[in-house]
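Here are my notes on the model you sent over.

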Amino acid sequence: MQVVETIPALRAARAALSGQVGLVTTMGALHAGHLALVAAAREENDATLVTIFVNPTQFGPNEDLSKYPRDLPRDLALLEAAGADLVFTPTPALMYPPGFQTAVAVEVISQGLEGGHRPGHFQGVATVVAKLFNLAGADRAYFGQKDAQQVAVIRTMAQDLNFPLAVIVCPTVRESDGLAMSSRNMYLSPEQRRAAPVLYRALLAAGESYAAGERNPEALESQMQAVLAGEPLAQVEYVSVADARTLQPVTDEADSPLLLSMAVKVGVTRLIDNMLLPGELNTRAGLTQMLGGEPPAP
Ligand code: AMP
């Protein structure tokens with residue numbers, strides 16, 4: 001495994017990779033969710049490129065940029081064991097040198113949900129991912145379901161800007177009690193950690209009533225709210241029932257696939273989770289069909 005820190009070194013190492021390349025972009029503090037993306041990239045490509053970059057432009061002024069967990073030696077050991085071929089670890093000064101003034105704004109799909117609560121977040125994400133797509137020259141890029149709106153924004157950007165790669169979406173990897181793995185889970189106290197699986201329980205409750213025939217979006221939302229209300233440590237930021245492809249709110253009982261999603265604070269830690277309905281869509285194929293996308297045929 002080769003680790004590179006500069007753009008000329010990345011370009012040279014990328015040029016030396018042969019065959020199809022899979023890209024996994026991360027902010028480090030790696031866990032099994034990230035490693036599942038690396039495993040998928042390895043399976044489906046000849047070489048795997050991983051980036052580790054805590055991107056300052058996607059953090060709001062009152063968010064956790066300065067205390068975001070960082071442990072590069074541990075991350076590199078995990079990536080070596082996972083079989084990554086090339087790792088790019090740039091600094092903020094390298095990605096945003098003096099005079100940098102370009103941004104990528106993906107309009108409609110960035111509004112609402114996370115975008116509604118984190119102004120500027122998706123512009124930061126789209127800009128850095130566009131840069132990484134350009135640098136990586138990958139055939140496939142792998143993202144996690146956990147950040148469902150993020151991958152829908154990136155799919156839209158890739159289509160609109162004609163990036164010639166497929167955007168693949170892999171299912172959320174969870175702890176044994178259902179909590180979605182996240183680098184931010186390490187902020188939770190033991191008591192908060194015990195409360196945190198309530199997000200998944202709320203999704204499961206709505207998923208069960210959907211499976212039993214419930215199609216009213218308000219009823220599905222109320223059910224999630226009711227489960228969350230049963231956990232005193234959980235403070236709901238939003239709970240949403242949206243169209244799985246457009247991410248726009250659903251108000252009637254039309255039978256198109258749905259994205260249930262939520263952001264909930266447990267103490268100061270903001271947790272997010274989501275699920276597609278019908279439940280069979282929560283696979284690599286279903287998720288990629290709804291949230292990701294293939295490039296247009298050459
Ligand atoms: P991050 O380091 O949080 O920016 O995440 C890097 C990539 O890993 C993104 O595509 C995330 O959606 C994905 N990811 C994060 N957590 C999980 C998880 N629990 N399961 C699957 N993918 C994840």
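1. Ground rules. This is a predicted model, where local features need pLDDT of at least 70, side-chain atom pairs count only at pLDDT 80 or more, and totals for chains, interfaces and linings use all residues. Numbering starts from 1 along each chain as its sequence is written, and side-chain values use heavy atoms, with hydrogens and water left out.

2. D147 puts a polar side-chain atom 2.7 Å from a ligand oxygen. H34 also uses a polar side-chain atom, at 2.9 Å from an oxygen of the ligand. On its own the ligand has 480 Å² of accessible area (Shrake-Rupley method, 1.4 Å probe; for residues, only the protein chains shown count as cover), and the protein covers 92% of that.

3. The shell. There are 17 residues around the ligand, and M27, H34, D147, V173 and M181 come nearest; a residue is near if one of its heavy atoms lies within 4 Å of the molecule or strand. Which elements give two or more residues to the shell? They are β2 (21-26), α2 (32-44) and β5 (140-144), with α2 giving the largest share, three residues. Elements here are DSSP runs numbered from the N terminus: helices are H or I with at least four residues, strands E with at least two. By class the shell has seven nonpolar, eight polar and two charged residues; Ala, Val, Leu, Ile, Met, Phe, Trp, Tyr, Cys and Pro count as nonpolar, Asp, Glu, Lys and Arg as charged, and the others, Gly among them, as polar.

4. The parallel sheet. Six strands form an open sheet in the order β1-β4-β3-β2-β5-β6, with parallel pairing; two strands pair if DSSP finds at least two bridges between them. At the edges sit β1 (2-4) and β6 (166-170), each pairing on one side only. Twist averages 25 degrees from one strand to the next. Between β2 and β5 there are three bridges, and G22 stands opposite R140 in β5.

5. Contact means heavy atoms within 4.5 Å; axes are lines fitted to C-alpha atoms, for helices over the stretch in contact, and angles run from 0 to 180 degrees between N-to-C directions. Helix α3 (72-82) touches β1, β3 (47-52) and β4 (86-88), at about 165 degrees to β3. Helix α6 (121-136) touches β2, β3, β4 and β5, at about 150 degrees to β2.

6. The antiparallel sheet. Three strands make an open sheet ordered β7-β8-β9, with antiparallel pairing. The edge strands are β7 (234-243) and β9 (269-277), and twist averages 15 degrees from one strand to the next. Nine bridges join β8 (258-266) to β9, with L258 opposite L277 in β9. Helix α9 (198-211) lies across β7, β8 and β9 at about 20 degrees to β9, while α10 (217-229) lies across β7 and β8 at about 160 degrees to β7.

7. Backbone details to look at. L277 and P278 are joined by a cis peptide bond, omega about 0 degrees; P278 lies in the loop between β9 and α11 (284-291). A29 is not a glycine, yet has a positive phi of about 50 degrees, and its place is in the loop between β2 and α2.

Note on methods: A polar contact is a pair of N or O atoms within 3.5 Å; within protein, one must be able to donate a hydrogen and the other to accept it, and residues adjacent in sequence count only if both atoms are side-chain atoms.
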